[in-house]
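The paragraphs below lead through the structure one boundary at a time.

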Amino acid sequence: MMSLIDLENVGFQADGQTILKDISFSVEEQEIVTITGASGSGKSTLVRILSTLQSRTSGTITYKGKSIDDYDPIQYRREVSYCFQQPSLFGDTVKDNLQFPYDIRNQAFDVKRAQEALTAVDLNSNYLDKAITELSGGERQRVAMLRNVMFYPQVLIMDEVTAGLDEDNKQIIHKMMTRFNQNDHITLIIITHDQDEMDHAKRLITIENGQLKGDERRE
Amino acid sequence: MNSSSLQISNTSLILAAGLVLIALYIGYREKLGIDRDMIIGVLRAIVQLYIVGYLLKYVIKVDNIFLTVVLMLIIIFNAGYNAMKRSQGIPNTLWISIGAIFISTGVTVGAMVLTHALKFIPAQMIPITGMMASQSMVAIGLCYRNLNTNFHDERQQVLEKLSLGGNIKQSSMHILRESIKTGMQPTVDSTKTMGIVTLPGMMSGLIFAGIDPVYAIEYQIMITFMLLAATSLGSVMAVYWSYKGFYNREDQLVLPTSAPKKKHH
């Protein structure tokens, strides 16, 4: 069966330094892949390359059997969406953020859908008009993640989205991830340092000094 | 016009030059370290202004359309070149700046000529072109500086918008708006304070030359409208043409840098 994403000998060099070397693995449809590694190991670079925000310097990456270079970057990024660690929110209100995905598609903002999305992540529907400056760290992260799924992507890459959050907020984010994967059929690529997330990972990929050191599947 | 009141003798000029000594003395006493720059600046100003004075005298005397156009183009090119120097590595800014200044100056001056508010004679075209081009140059320089600062400071927000599937224009729009606003701000501010804080150069010049102040004000109002149009046109064009230089062909954010690259040991 053809994998959703295939990486073959992916490498990245910058200013004469090797950041990533010969990374190869595949991601199946609706899989949850957890990637871990020490700070500076190259995992954020890897997911930025996967989300085409950066270009690899060697190797090949295919998505749905076609090289990612052959996709229109905008269409690809709408299918393979990347959520940043400590995201910055746009504009003034929560609405400004949830409306952005509609604006870029020239579609009218679906207020009902946005309110439902907010309540599903334990935020009140009237949060839509809440100023982003009044949000807690956990609330900011939830709003940022909702931006990525207002239009369901095929793949959602999450870069340490629970870092710095308290246990309650982590649980809410974990529930969001489970729902995205099981109900909305989104393939998840999760970057984490969190021991609990690593322990519960169904598949754990370890990156060390820019190289793939482990790819463990657990059932 | 009472032109006799405008006569200035060489003695008066020499006496005025004595005022520079005050500035030099302050610079020396306060150890500002700008004495050399000040002397060079004064000498350059004298030489440049005399050259321009004699050149303008000749061009106005011969009143040739071709020569007038050539001088206008030289002004525009110089303004574009100086605006480019503020771009700190944004690609293609020489031609972008020249194009934006050419169009903004051309549209405003052209409209006034077509409506017979101005005559296509060197005595009017050259100073007016200088005013429009220099204001556009300042606005475009500010736009470039703002683009550079904001693309650096708000890099993550731009990346997030790109990662959500925004195109480069949608992902940069907040920076583009801010930059255009910054470019236009000095002109808007000076418009608001005109007559209260500043008596603009052109209006003062006309009053100096003995023109009825009300007539001078009417001219100044026209110039103010032209400056607003020129800076907004120049800023919009320069920003929309240059922001693409912050991206590569893969729609990835690539920040230009004019700073020398670090050496790796």
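In chain B, the domain assignment, whose bounds come from an automatic or database source, gives domain 1 (19-62) and domain 2 (65-246). The model is a predicted one, in which local features need pLDDT of at least 70 and side-chain atom pairs count only at pLDDT 80 or more, whereas totals for chains, interfaces and linings use all residues. Residues are numbered from 1 along each chain as its sequence is written, chains are lettered from A and ligands numbered from 1 in the order in which they are written, and side-chain values use heavy atoms, with hydrogens and water left out.

The C-alpha centres of domain 1 of chain B and domain 2 of chain B lie 26 Å apart, and the contact between them (heavy atoms within 4.5 Å) takes 6 residues from domain 1 of chain B and 6 residues from domain 2 of chain B. The size of an interface is often given as the accessible area lost when the parts come together. For these two domains of chain B the buried area (accessible area, with a 1.4 Å probe, that two parts lose on being put together, summed over both) is about 440 Å², and carbon and sulfur atoms give 95% of it. On the side of domain 1 of chain B, B:Leu56, B:Val59 and B:Ile60 lose the most area to domain 2 of chain B, together 79% of what that side buries.

We turn now to the boundary between chains. Here 17 residues of chain B are in contact with 25 residues of chain A, and the two chains bury about 1900 Å² between them, 53% of it on carbon and sulfur atoms. In chain B, B:Glu160, B:Ser163 and B:Leu164 lose the most area to chain A, together 32% of what that side buries. Across this interface of chain B and chain A the rule finds 1 salt bridge, and the side chains of A:Arg147 and B:Glu160 meet in a salt bridge at 2.6 Å, N to O. The residues of the side of chain B that touches chain A divide into 3 nonpolar, 9 polar and 5 charged.

Definitions and conventions: Salt bridge = Lys/Arg side-chain N within 4 Å of Asp/Glu carboxyl O. Nonpolar A, V, L, I, M, F, W, Y, C, P; charged D, E, K, R; others polar.
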